[in-house]
Amino acid sequence: MPVASQASAAEQIVARDHQKVVRNYGRYQLVVNRAEGVYLYGEDGRRYLDFLSGIGVMALGHSHPRVVAAITDQIGTLVHCSNLYYHPLQGEVAQLLSELSGLERTFFCNSGSEAVEAALKIAKGYGRSRSGGKTEIVALHNSFGGRTLGAISVTGQPKYREPFEPVIPGVRFIAPNDLGALEAAVGEKTAGIVFEPILGEGGIIEISAEFAGLARKLATDHDALLICDEVQCGMGRTGDTFAFHHWGADFLPDVITLAKPLAAGLPIGAVVCSEAAAAVLAPGMHGSTFGGGALACRVAREFLGMLPEMLPHVRDVSAYFRAQLASLAAGYDFVGGLRGRGLMVGLELSIPGGGFVPRAQELGLLMNCTAGNILRFLPPFVIEREHVDEAIAALDQVFSQVPPDATA
Ligand SMILES: *Cc1c(COP(=O)(O)O)cnc(C)c1O
């Protein structure tokens, strides 16, 4: 280790982080200086093709001119006034979300976890208001709902939940796409069924149309709320506005949770819900100081305005990406099938995938690994074929050079 005075700027930044920031993240060795378009630029002077886009947040890429213009204009007009007062932008964004989803109302917060929390409070309140008092939630193994106590209580991954138990009781976990288990788990005590249409953190697992359809039917039959967590898979990521649109025009959840890309990089969360679900929250029953702030809503309005015209490009470039990945995969026996839809892509490996991530980074490509052996790509919607080619070339090099023992 060099002494402090000789350490590079990047080493000093990392050292101070290690000394002063809570050590709750295992970070990759990269200090980011700035970003533009589909590239991050490191303190090391290198550029990195961002095929993770801040975990699905920077769907428009970095420093998009329309986002910069919206932020710049709004920041000098109104940033925050609290929810004690009205401002025009919350209603405008809520109206856009209604038009896009077919659901009536929106609650605004600041993150995916908070959206899941609010959805759980709505489900709990809804269940309590029904005769007999329904209290149970049905959730999926391998799911991810965020890090708050409510959100981890519906997160089907023990590593996130167990250190903090006891968490909220009354959650039944079933395997994704297990129709029999779903049928058995939902009953008169069920207040809500919650799932991600495509499980993100859990390994890019697609929910089948049959499972979604049965969940919709059971929720209706038992007067429970069907909650689709679209924090990661929603807002154009799959090539549809909402991932549940894949199941046809007749499928509609009662509650949708949104966050990651909705304000193009600014913190925001939203719960879009039916009139009946929204009626649970009377004035004073829930809230957020920052939620629905003017700045985040202004950028969300911009993002939602651009979204419909971006979907054809998402479909087109994702088809190209997937085709290139499939032919790359054919050349390596440890690389298996593709998962997900649109620009939510998992590449399944038969060996651990974690070791490939830093190697790809060395070659200028950012991605990550979930569920141990799934390489995950969440590139910005604005990538072009040339960026796909660049990513594929880097992956080819990574797969051909990394010895199996380096992937542990
Ligand atoms: C990321 C994520 C969350 C949590 O969002 P935060 O903004 O990190 O709180 C919830 N649900 C899903 C599906 C997610 O991918």
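**Exercise 1. The ligand site**

How far does a polar side-chain atom of Asp-229 lie from a nitrogen atom of the ligand? Work this out in the predicted model, then describe the surroundings of the ligand.

*Solution.* 

Step 1. Start with Asp-229. One of its polar side-chain atoms is 2.8 Å from a ligand nitrogen. A polar contact is a pair of N or O atoms within 3.5 Å, so this pair counts as one.

Step 2. Look for contacts to ligand oxygen atoms. The side chain of Ser-113 has an N or O atom 2.5 Å from an oxygen of the ligand. For Gln-232, an N or O atom of the side chain is 2.8 Å from a ligand oxygen.

Step 3. Turn to the area. On its own the ligand has 390 Å² of accessible area, and the protein covers 83% of that.

Step 4. List the neighbours. The residues around the ligand include Ser-111, Gly-112, Phe-144, Glu-196, Val-231 and Lys-260. Sorted by class, the shell has two nonpolar, six polar and three charged residues.

**Exercise 2. The cavities**

How many cavities of 30 Å³ or more does the structure hold? Give the volume and lining of each.

*Solution.* 

Step 1. Count them. There are two cavities of 30 Å³ or more.

Step 2. Take the largest cavity, with about 60 Å³ of space. Strand 5 (136–140) and strand 7 (190–195) are the elements that give two or more residues to its lining. Among the lining residues are Val-116, Leu-140, Val-194 and Phe-195. By class, this lining has seven nonpolar, two polar and two charged residues.

Step 3. Compare two lists. Phe-144, Gly-145, Glu-196 and Asp-229 line the largest cavity, and Phe-144, Gly-145, Glu-196 and Asp-229 also stand among the residues around the ligand.

Step 4. Take the second largest cavity, of about 40 Å³. Its lining includes His-80, Cys-81, Asn-83, Gln-90, Thr-289 and Phe-290. The classes here are three nonpolar, nine polar and no charged residues.

**Exercise 3. The second largest pocket**

Which helix gives the most to the lining of the second largest pocket? Describe this pocket.

*Solution.* 

Step 1. Give the volume: about 870 Å³.

Step 2. Find the elements. Helix 4 (88–101) and strand 4 (105–109) each supply at least two lining residues. Helix 4 gives the most, with five residues.

Step 3. Find the centre. Of the 26 lining residues, Asn-83, Gln-90, Thr-106, Phe-107 and Phe-108 lie nearest the centre of the pocket. Asn-83 and Gln-90 were also listed for the second largest cavity.

Step 4. Sort the lining by class. The lining divides into 12 nonpolar, 12 polar and two charged residues.

Key
Residues are numbered from 1 along each chain as its sequence is written. This is a predicted model: local features need pLDDT of at least 70, side-chain atom pairs count only at pLDDT 80 or more; totals for chains, interfaces and linings use all residues. Side-chain values use heavy atoms; hydrogens and water are left out. On a 1 Å grid over the protein atoms alone, a cavity is a set of points where a 1.4 Å probe fits but cannot get out, and a pocket is an open set with protein on both sides within 12 Å along at least five of seven lines; lining residues have an atom within 4 Å of a point. Grid points are joined across faces, edges and corners, and a volume is the space filled by probe spheres set on the points. Helices (H or I, at least four residues) and strands (E, at least two) are DSSP runs, numbered from the N terminus. Ala, Val, Leu, Ile, Met, Phe, Trp, Tyr, Cys and Pro count as nonpolar, Asp, Glu, Lys and Arg as charged, and the others, Gly among them, as polar. A residue is near a molecule or strand if one of its heavy atoms lies within 4 Å of it. A polar contact is a pair of N or O atoms within 3.5 Å; within protein, one must be able to donate a hydrogen and the other to accept it, and residues adjacent in sequence count only if both atoms are side-chain atoms. Accessible areas come from the Shrake-Rupley method with a 1.4 Å probe; for residues, only the protein chains shown count as cover.
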